[in-house]
Amino acid sequence: MTENAVTRRQFVGGSLAASLLAGMQVESRAEGDADGARHRLFWGDLHNHNEVGYAKGSLERSIENAQGHLDFFAFTGHASWHDMPKMPGDRHMKWVRGFQVQRDHWPKTRQLIREANSDRFTAFLGYEWHSSRFGDYCMIFAEDQPELFLPDHVDKLLDFAEARGALAIPHHVAYKQGWRGANFDHFRPTASPVVEIFSEHGLSERDVGPFPYIRHSMSGRWTANTIERQLVRGLRFGFVASSDSHRGYPGAYGEGVVGAWARDLSAASLFDAMRARRTYAATGDRIVLDVALNGRPMGAELAAVSDREIDVRVRGEDAVSMVELVRNGRVIERHFPDDHADRPLSLPGRAKCRIQYGWGPWAALDLGNTCVWDMTIRIDGGRFLRAIPCFQSGPMEEELRDKLRIVSPREIHLQSYTSRVKCFAEDPTKALVCELEGGPDAQLSIELRSPVEQTTRARLAELVEENVVTFTGVFTSESQIVHRLVGPSEYSADLRFHDRRSVEQGPDWYYVRVTQKNGQMAWSSPIWVG
């Protein structure tokens, strides 16, 4: 593992080339390419929307938001729904008009996606195909695609995907068939090597558990269509998550993001990673999850072997509550870091600190507003190693942008905005996670210029035991929290599980599920044996 290799976002002239997702690039411990090259971790969103369709926000804004905190993204504008039901009061015309916008904008969409690509960012062209009968698919293209192909049957769509080397990614699969749930009778691993397990719709892993389907009109999760049931029946696919944001915010925190273990950031390498199923799903926090079985990476298929050695590396952005190893749908191992912490956080040393801001007046009091934040975060007697944004999609403000920039190892600048009005999941906050290094007397300071002029200070020794809550004015003004520090023994896990099975028992599949104490989660793609 090389956790200290300088990323492509390097220090240039005393500042970083772009707002940092990570100051260190993570390499996988699993087997790499044939020439020995290791895979590196990149973050993206393969499913999101804006006003090129029937959602909100310009495509230009979506691209800027994605470039600010992701490594790659695909824009998947709403394109068709051939078997759409009529809705009361002709409400279905919203979709019909949105599809026409997508068709009319297609040449400009192609141009903007081409222009968005650079050596620091990869943008894919795509679109979304709806079907009540067959379920919804996000079509993703590695290269430019002149034709907006919108057939009336899923087999024609998958034929087209295979012919063009595209990916057809099923999403919100756990709705009931006939209600835009996936029809897995038509599943093709060549066209759909990965399946979306999480988005703003919720979690498709099982019919019970966290993140239920509650935000839309297609009812809840149907047991027969869950991810678990498809793996049990023998289908083989990897996992991704993406936001399905309708506010022009790819990678929106809490709505889903995908981690890809790829050789580099080129479109070809990212497609190779997805076809090899070297991907995993995360809800929001950029949890590093590296899994290998007998040295082979997530997504791999191994010949039948009795002895299985499963190596798991986790680096959370908050304290990790539990790491679970799932085999054939059943948890066979659980690891609780709290039970194995060798010692509490001690300084000097490394730690992670979450700075959360927002809250503010209730919209019900007719006091709802958009608060603009301008802050500088400094550390005296220590240094920042990374700054990870946690920017949710609400509120939708066309002219505003969340911008995070590391000025130096001791100074971070953040411009952002929050509101209780039209926030996602009724969460009126945003945050950033700072990985830092310092001694007990190192001091963290937050200097606000907006919404008020105010400075908050705390020694790292104080933040080991207590958080700091600061209000920007009288009730019901906005506030911010500097959360307690989280140490490496809380956010890290390096595990080796052993499993022994008779090869006569048939094929087995394994994946790893990670849960943080703040509720954020991640799921590795499966590995198959036999």
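Let's start with Trp-362, which is found in the loop between β21 (349–359) and β22 (371–390). Helices and strands here are DSSP runs, numbered from the N terminus: H or I of at least four residues for helices, E of at least two for strands.

A word on the source. This is a predicted model, where local features need pLDDT of at least 70, side-chain atom pairs count only at pLDDT 80 or more, and totals for chains, interfaces and linings use all residues. Residues are numbered from 1 along each chain as its sequence is written, and side-chain values use heavy atoms, with hydrogens and water left out.

Is Trp-362 buried, partly exposed or exposed? Trp-362 is partly exposed, because its relative accessible area is 40%. The cut-offs: buried is under 20%, exposed is over 50%, and partly exposed is in between, with a 1.4 Å probe and protein chains only.

With Leu-365, Leu-367 and Phe-475, Trp-362 forms a nonpolar patch on the surface, about 460 Å² of accessible area together. Areas come from the Shrake-Rupley method with a 1.4 Å probe, and for residues only the protein chains shown count as cover. Patch members have over 30% relative accessible area and no salt bridge; like charges are joined within 9 Å, nonpolar side chains (Val, Leu, Ile, Met, Phe, Trp, Tyr) within 5 Å. A salt bridge is a side-chain nitrogen of Lys or Arg within 4 Å of a carboxyl oxygen of Asp or Glu.

Now aromatics. The whole structure holds 22 aromatic pairs. One is Phe-237 with Phe-239: tilted, 6.4 Å centre to centre, 50° between the planes. Phe-237 counts as buried, at 0% relative accessibility. Phe-239 is buried too, also at 0%.

Next, Trp-362 and Phe-475. Their ring centres are 5.7 Å apart and their planes at 75°, so this pair is edge-to-face. Phe-475 lies in the loop between β27 (468–471) and β28 (478–482), so the pair ties together parts 113 residues apart in sequence. Phe-475 is exposed, at 71%.

The pair rules: rings of Phe, Tyr and Trp (its six-membered ring) with centres within 6.5 Å; planes under 30 degrees apart are stacked, over 60 edge-to-face, the rest tilted.

Phe-237 and Phe-239 also belong to one aromatic cluster, along with Phe-184, Phe-187, Trp-509 and Tyr-511.

Last, charges over rings. Lys-352 lies over the face of Tyr-491, 4.4 Å from the ring centre. The charged end of Lys-430 sits over Tyr-417, 3.7 Å from its ring centre. The test is NZ of Lys or CZ of Arg within 6 Å of the ring centre and within 35 degrees of the ring normal.
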